[in-house]
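Here are a few notes to read alongside the model. Keep the structure open as you go.

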Amino acid sequence: MKRSLAISALGGMTLAAHAAGEEQATVNDLIPKLADEKVENRYPAQMALQDLASNASKPGNPAAREALGKTLAAKAADPSVPQPARVWIVRQLENMGGAEAVEALTKVMNGDDAELRECARRALEKNPAPAATVSLRAALEKASDATWKIGLMNSLGRRADGQSVKLIAMGLGDAKTAPAAALALGNIADSASVEALWSALNKTPEAGDALINAANQLRAKGDTAAAKAIYQRLADQAKSKSLRAAAEFGLTNAGSAKAPAKSESKSRR
Amino acid sequence: MRRKDRFLISRRGFLKGAAAAGAAAAFPTIVPSSVFGQNAPSNRIAVGHIGMGLMMGSHFNKMLRSDDVQVVAVCDVDRGKLEKAKATAESNYAKRKDVGTYKGCAAYHEFEELLARDDIDAVFIATPDHWHAPISVMAMRHGKDVYVQKPMTLTIREGRIMSDTAKQYGRILQVGSQQRSERGFRRAVQVVRNGLIGKVHTIYTSLGEFPPPQTLPEEPIPEGFDYDRWLGSTPWYPYNSMRVKGDYGGGWRCFWDYGARKNGDWGAHHFDIIQWALNMDHSGPVEFIPKGYEGTECQTHIYADGAKVLRNHPVKKNFMIQFIGEKGEVLCRRGGLEACETTPPELKNTDFGPEKETLSDVPPDFKGVWIYVSNQHEENWLDCVKTRKAPICPAEVGHRSATICHLNGIAERLKRPLKWDPVKEEIVGDPEAGRWMDRPRRAPYIYI
């Protein structure tokens, strides 16, 4: 029994290796078609690669997903692969890439091709590996272009990266990046990001809505006290009627009535 | 009085007061140029229109003719469409005035500027799907009420954000699923919801098909068209006129980047009616099976009680939706009461009680299931803007219907079935499919 199981395991590994080899061959075959000079001819190859990626990412077979991820990552980072093919490959990694793809995607994100850089940023944003966050953060540290910073801040906000708060908060000081910075900080919703948002409330209109978002997230996580503190302060201080209404709604749903403003209290005495 | 408080006075009350005032005072011989219809411009709902393409046409015309509305702004990324819309609004109001030319319609390239105006109460949004959520959310955060075309969203996460924002910011949002305001569909829902055909087990609906989304060669961007802004947060592709074309038979609707193809385009209509009929407006199906998967002939989604919806299964007599229950059937399509047929036929003529708009108006002895009555979708929204009652297709309903469109689309793209938890709003057991709950956004068009 043990011997036959061992043989089966060996056979299974061979099968997996065989399948990976076939996939490699398929990807190699598709690459020139993905970069066909006549753009309209690329579509069948794009769909074939998309189907390959979807199939590999089916639940219950992580080895298959990882194997194809490695194959695609290698091609994505290979400068000898034509650019249109690399773009489509990175777009598949956005949908199914894992830890095995982070290094390659990071290389692409730090490269010279603007379209590929953007595709790689999106792919890292969706990548479940913690290393993807590290890459995105490192890219934001180096970034100088406002539009590029906005994309990176958003990616880090969507990943709720607490270690990026200081970096993102610097974006509050630039009118071009402030709205995106506020949005990202609202998504991170830790105490440091909330503090940064309070400091920007009077300069960045989006900071108020970001605070509402942060408070909602805190309440959803069970930190009702922190949520109520934000709602109450906004209800008392926000200049926008809309924001005050949102804060009061938050207070009501957090299980407390709004504490009356000081002037109302005086009139009741 | 706050601007919105004016709208809490019923039209009847307003008209009564106006008539009484008229009896006591002599009418002026010259009607001031700022007053026409029943409402002076300052009493009307000030509306901005965003996205002046194919779908906006009928909304725009209705609002221009409405005495409850003052169209004060239009917005589009296409200069030609924008200028035409502005000219249409101005000539419309000029014809309606005794003297002078109305110059009250501003034209914006960027919706952010339109939404920043404090004097605008509400907005119509009829852009391609990928812009629905960002503009709607920003509008609501700026204190505007919203009428947004269907499907409400591009992604499931967007829908949750939109619904929560509408609630939190106290805004009236109507999704343009106008079939809910058509009598034929409403009658079908009344029949189903009142149990007259028994438990519904199978539903057929016809959505049609789009051509596949092709890879397109680059063309020069037309003068005056801001293609970058049109793309917004979606991935960059070289410009091609077919990519951006508003066309009921294809155009941008073919592309996954901007919508859920036919599942979004017509699914948002018919899946929505099905949700309504099955009383699932705050929930949804639990399983999605794409066409072709292990021989599946029709794309199917399945509710927890076993009811199945089959897309593009032939529907009897070319109706749009066919509900099959244990005790009968009901067919429906667009139109009046004749657009609903039942088996047995007499079911359709059941007395469902008075067609009252609110539950509180329904007589207390009415024993059936009351179905919200709206006979005109935009009017329903305007009424709700004034009264602050919930419209017939609010954000949560639109979100749940759009979710079905998106999940069917995701299953179609991945070519495998999905299981969905409508309570947690999660795809079950398929993390890669779960990535499709939302999409990364292209800078600088990041708003949510």
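**Notes on chain B**

1. This is a predicted model. In it, 33 residues of domain 1 of chain B are in contact with 33 residues of domain 2 of chain B. Which elements of domain 1 supply that side? Helix 3 (79-96), helix 5 (132-141), helix 6 (156-168) and strand 6 (173-175) of chain B each give at least two residues to the side of domain 1 that touches domain 2.

2. Helix 6 of chain B gives the most to this side of domain 1, with 9 residues. Sorted by class, the side of domain 1 of chain B that touches domain 2 has 17 nonpolar, 9 polar and 7 charged residues.

3. Now the domain bounds. Domain 1 of chain B covers 4-19 + 36-178, and domain 2 covers 183-374 + 395-448. Their C-alpha centres lie 25 Å apart.

4. Turn to strand 2 (residues 69-75) of chain B. Is this strand mostly covered or mostly open? It is mostly covered: 7 of its 7 residues are buried.

5. Strand 2 of chain B pairs with strand 1 (residues 45-50) of chain B through 6 bridges, and the two run parallel. Look for His49(B), which stands opposite Val74(B) in strand 2. Strand 1, helix 2 (residues 56-65) and strand 2 of chain B form a right-handed β-α-β unit.

6. Strand 2 of chain B is also joined to strand 3 (residues 106-108) of chain B, by 3 bridges, and this pair runs parallel. Here Val74(B) stands opposite Ala107(B) in strand 3. Val74(B) therefore has His49(B) opposite it in one pairing and Ala107(B) in another.

Conventions
Residues numbered from 1 in each chain as written. Chains lettered and ligands numbered in written order. Predicted model: local features only at pLDDT ≥ 70, side-chain atom pairs only at ≥ 80, totals over all residues. Domains from an automatic or database assignment. Contact = placed C-beta atoms within 7 Å. Helix = DSSP H or I, 4+ residues; strand = E, 2+ residues; numbered from the N terminus. Nonpolar A, V, L, I, M, F, W, Y, C, P; charged D, E, K, R; others polar. Buried ≥ 20, exposed ≤ 12 C-beta atoms within 10 Å, placed from the backbone. Right-handed = clockwise from strand over helix to strand, strands pointing away.
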